[in-house]
Amino acid sequence: LLVRLMMSGLSAAMILGALLSGLLAARLGTVRLLVTTLTIYGLSGAAIFLLDNLWLMLVCRLIQGVAVAAAGVLAMALITTRVPPARRDTWLGFYM
């Protein structure tokens, strides 16, 4: 059950992260929130490696899902708003 929750829970957490990232970016700033989410993603991934408890691993995996989805949305927002239109298609190609 826990292994299945780790996989399906990640998708649910990613939906939540994608929805919340826009609202939080408007309040905190896109770059600041991107750095925060990438830090949270890295720390939760390291915690999964170090933990022995499957329930805590599941919690970290859910946190990781929220963070990675938010980082993806924020990175796309930064590319479309900060890269000049003449070079934007190249950077979007790199991102995809």
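Gln64 touches Tyr41, Ser44, Gly45 and Ile48, with residues up to four places away in sequence not counted; contact means heavy atoms within 4.5 Å. The model is predicted, so local features need pLDDT of at least 70 and side-chain atom pairs pLDDT 80 or more, while totals for chains, interfaces and linings use all residues. Residues are numbered from 1 along each chain as its sequence is written, and side-chain values use heavy atoms, with hydrogens and water left out.

**Overall build**

- Helices (H or I, at least four residues) and strands (E, at least two) are DSSP runs, numbered from the N terminus.
- The C-alpha trace spans about 50 × 25 × 20 Å along its principal axes.
- Of the contacts in the protein with a separation of 6 or more, 62% join residues 24 or more positions apart.

**Surface and burial**

- Of the 96 residues, 27% count as buried.
- Buried means under 20% relative accessible area, exposed over 50%, and partly exposed in between (1.4 Å probe, protein chains only).

**Packing of α1 on α2**

- Helix α1 (residues 2–28) and helix α2 (residues 30–50) pack at an angle of about 125°, and their axes are 7 Å apart.
- This angle makes α1 oblique to α2; under 35 degrees counts as roughly parallel, over 145 as roughly antiparallel, 65 to 115 as roughly perpendicular and the rest as oblique.
- On the α1 side the contact is made by Ser21, Leu24, Ala25 and Leu28, and on the α2 side by Thr30, Arg32 and Leu33.
- These contact residues divide into four nonpolar, two polar and one charged; Ala, Val, Leu, Ile, Met, Phe, Trp, Tyr, Cys and Pro count as nonpolar, Asp, Glu, Lys and Arg as charged, and the others, Gly among them, as polar.
- Axes are lines fitted to C-alpha atoms, for helices over the stretch in contact, and angles run from 0 to 180 degrees between N-to-C directions.

**Individual residues**

- Ser21 lies in helix α1 and is buried, with a relative accessible area of 1%.
- Leaving aside neighbours within four places in sequence, Ser21 is in contact with Leu33, Ala70, Val73 and Leu74.
- Ile40 lies in helix α2 and is partly exposed, at a relative accessible area of 36%.
- With neighbours within four places in sequence left aside, Ile40 is in contact with Ile63 and Ala67.
- The C-alpha atoms of Ile40 and Val59 are separated by 13 Å, and the two residues are 19 residues apart along the chain.
- Gln64 is found in helix α3 (residues 54–82) and counts as buried, at 8% relative accessibility.

- The rings of Trp91 and Phe94 have centres 5.7 Å apart and planes at 75°, so the pair is edge-to-face.
- Both residues, Trp91 and Phe94, lie in helix α4 (residues 85–95), three residues apart, about one turn of the helix.
- Trp91 counts as partly exposed, at 40% relative accessibility, whereas Phe94 counts as exposed, at 61%.

Methods:
Rings of Phe, Tyr and Trp (its six-membered ring) pair if their centres lie within 6.5 Å; planes under 30 degrees apart count as stacked, over 60 as edge-to-face and the rest as tilted.
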